[in-house]
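Hello,

Here is the structure you will be taking over. My notes on the contacts follow below it.

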Number of protein chains: 2
Amino acid sequence: MLYGHQTWVFPAKPTVLSAATVVGPFEARGPLAEEFDIIHGDLWLGQDSYEKAEKKMMEEACEIAVQKAGLQKQDIQFFLGGDLLNQIISSSFAARTLAVPYLGLFGACSTSMEGLALASLLIDSHSAQYVLCGTASHNTAVEKQFRYPTEYGSQKPPTAQWTVTGAGTALLGPDGQGPKVTAATIGRVVDMGLSDPFNMGAAMAPAAVDTITAHFRDLRIAPDEYDLIATGDLGRVGHEIAKDLLTKHDLSIPEKIFTDCGLLIYSQDQPVMAGGSGCGCSAVVTYGHIFNQMKKGKFKKVLIIATGALLSPLSYQQKESIPCIAHAVSLEYDS
Amino acid sequence: MLYGHQTWVFPAKPTVLSAATVVGPFEARGPLAEEFDIIHGDLWLGQDSYEKAEKKMMEEACEIAVQKAGLQKQDIQFFLGGDLLNQIISSSFAARTLAVPYLGLFGACSTSMEGLALASLLIDSHSAQYVLCGTASHNTAVEKQFRYPTEYGSQKPPTAQWTVTGAGTALLGPDGQGPKVTAATIGRVVDMGLSDPFNMGAAMAPAAVDTITAHFRDLRIAPDEYDLIATGDLGRVGHEIAKDLLTKHDLSIPEKIFTDCGLLIYSQDQPVMAGGSGCGCSAVVTYGHIFNQMKKGKFKKVLIIATGALLSPLSYQQKESIPCIAHAVSLEYDS
């Protein structure tokens, strides 16, 4: 059901029956290590390319979510997935393994919430009984895709971010135990003319703010409706800009409930520059850490705003600025 | 509403209020030239790169569809788009120009029907009043993306296909005059182990057949329900394979109602090898030619099955086979 201009409210409150997270060795050194289902000590996951390692993470995250829900692959009607590699191969190849009907998505690092929003819509509209959605990113595969192979050892400025090696999936059904999706706000493309791929946080912050303000306007609620409001991967630079822009929009979010997945996943002493990023960042932090906190009763209602930079290496080479987007999903958990 | 395993039936029958097609000079030499809204004589569209030309086609197709429906951009709640370029930049940059909430999709050449299916679901479930969906491909941009820049003059075997330069969009609303979307079948990834990117028709044919058989099984109807059944871009080779496979599945489609958009768009004397392909192929043929024929009363009910090869240049280099998919949408028109 459409509320306002761009927000869907789900009266049936689709349930996240299970979620799964798979990460790499670098994420294992961060503060959230214990919140993930699988931690790989080997960045290659035993594969002969980083791209195949990313695919394998996605496949594992799909399998675990299905197992956790006590279901079989054939019970799943639709898989909604996307990633950062060219032509979203990790998702498409994982969909081949799953062998269930598949809708490929691309929203860069906003794909996690694009998928969760659409999966919720499918359940809410009785268009499916069980839907799996997910996304993945692999640090070295994504660096190769968007910048340079890491073996080149190119240097980065402090505004740059560190792509998370991780895959996160969520399996939704019409009812049961788990976080319930209550609404989703689909973002517009916002481009303030920034073109520095080493400062994605600054480029994405206005998109995050556009979607956040749309969410509260469409639903006619205030930020204190939520116990936690987390953006996807703005990092330190983008988070500060988002706070400033929200204040300018007369929509201040209290400091203690406003955070960013890219700030949560790594420790202060890890060399991640401005913080974590990548498709997998918001997915593993939300489906691991935040869902665990909800189940422990720490948060009852949360709003996740996954942010994406819709550039390609080629658009950057052709001197285009970086169009950005953010999709927001609100969840609640009654223990 | 889910029917069977993977088919949505839309009781509200969302209406395609308007559709728009933009093509290049090579398509102007084909038999459908008069069915398109804009024909560009210049493959560059006055831009300084082929990628920017593709984006411009998409922008034009969006603008024309909105104009034809007598609406303004701000009346559109959501734009659903995707294309073949890395990180679907043509769609994302067109979404920036539109400035409406955007869901990025990727289904390779199946994107046209992936978008139309989801757009119909949004209307049918009252999640939107007006939704625009579209896709685009540009011959030389796509060749550069997936194979080699055309300036290299590389040779191709007769099983290869010619990427259509074209953009097609459809604008959907809850009611009004125009073709109505009655159902959609979302495909599974099918991979029979083929790995030759110069024979996509053969790779995609089994996916088309999988979705076609699912469609008729889920809805418990027979092919003679339709006046036309058209696949997206199987071309000559894939079309023959699809016919054979359907016969093996005891689902023969009468010759006179079974065709392929890749066979319709070019003349016999154009050097397109096995036929047309690309995201734009099924989009411009369906939204141009087929819709025009429906409005003239020639076809009342049609089924379009857009087929996509979910490979990337990198997956091919890493010796992966080609996962394929097909999404089907059925439309009817009461004059």
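Contacts between the chains

Between chain A and chain B there are 25 residue pairs in polar contact, both residues at pLDDT 80 or more. The model is a predicted one, so please read what follows as computed from it.

On the side of chain A that touches chain B, at least two residues each come from α1 (50-68), α2 (89-98), β6 (102-104), α3, α4, α9 (313-317) and β15 (324-332) of chain A. The most is given by α2(A), with five residues. Sorted by class, that side of chain A has 30 nonpolar, 18 polar and nine charged residues.

In terms of extent, 57 residues of chain A contact 57 residues of chain B. The two chains bury about 4600 Å² between them, and carbon and sulfur atoms give 63% of that area. The residues of chain A that lose the most area to chain B are A:Gln87, A:Arg96 and A:Phe106, which together make up 14% of what that side buries.

The rule also finds six salt bridges across the interface of chain A and chain B.

Symmetry

How is chain A related to chain B? A rotation of 180°, with 0.0 Å of shift along its axis, superposes chain A on chain B with an RMSD of 0.0 Å. This is the relation of a two-fold axis. Within chain A, the C-alpha nearest the axis belongs to A:Leu105, at 2.1 Å from it. Because 100% of the interface residues of chain A are also interface residues in chain B, the copies meet through the same surface.

Domains of chain A

The domain assignment divides chain A into domain 1 (2-173) and domain 2 (180-332). Taken over C-alpha atoms, the centres of domain 1 and domain 2 of chain A are separated by 17 Å. The contact takes 62 residues from domain 1 of chain A and 64 residues from domain 2 of chain A.

About 5000 Å² is buried between domain 1 and domain 2 of chain A, with 63% of it on carbon and sulfur atoms. Of the area that domain 1 of chain A buries against domain 2 of chain A, 16% is supplied by A:Gln6, A:Met113 and A:Gln161, more than by any other three residues.

How many salt bridges are there between domain 1 and domain 2 of chain A? The count is one. A salt bridge also joins the side chains of A:Lys13 and A:Glu332, at 2.8 Å from N to O; A:Lys13 falls within the bounds of domain 1 (2-173) and A:Glu332 within those of domain 2 (180-332).

Several elements of chain A each supply at least two residues of the side of domain 1 that touches domain 2, among them β3 (15-23), β5 (78-83), α3 (111-124), β7 (131-137), α4 (139-146) and β9 (166-173). The largest share of that side, seven residues, comes from α3(A). Its residues, for the side of domain 1 of chain A as a whole, divide into 31 nonpolar, 23 polar and eight charged.

Two of these elements of chain A, α3 and α4, are also listed on the side of chain A that touches chain B.

Regards

Technical notes: Residues are numbered from 1 along each chain as its sequence is written. Chains are lettered from A and ligands numbered from 1 in the order in which they are written. This is a predicted model: local features need pLDDT of at least 70, side-chain atom pairs count only at pLDDT 80 or more; totals for chains, interfaces and linings use all residues. Side-chain values use heavy atoms; hydrogens and water are left out. Copies are superposed by least squares on the C-alpha atoms of residues with pLDDT of at least 70 in both. Contact means heavy atoms within 4.5 Å. Domain bounds come from an automatic or database domain assignment. Buried area is the accessible area (1.4 Å probe) that two parts lose on being put together, summed over both. A salt bridge is a side-chain nitrogen of Lys or Arg within 4 Å of a carboxyl oxygen of Asp or Glu. Helices (H or I, at least four residues) and strands (E, at least two) are DSSP runs, numbered from the N terminus. Ala, Val, Leu, Ile, Met, Phe, Trp, Tyr, Cys and Pro count as nonpolar, Asp, Glu, Lys and Arg as charged, and the others, Gly among them, as polar. A polar contact is a pair of N or O atoms within 3.5 Å; within protein, one must be able to donate a hydrogen and the other to accept it, and residues adjacent in sequence count only if both atoms are side-chain atoms.
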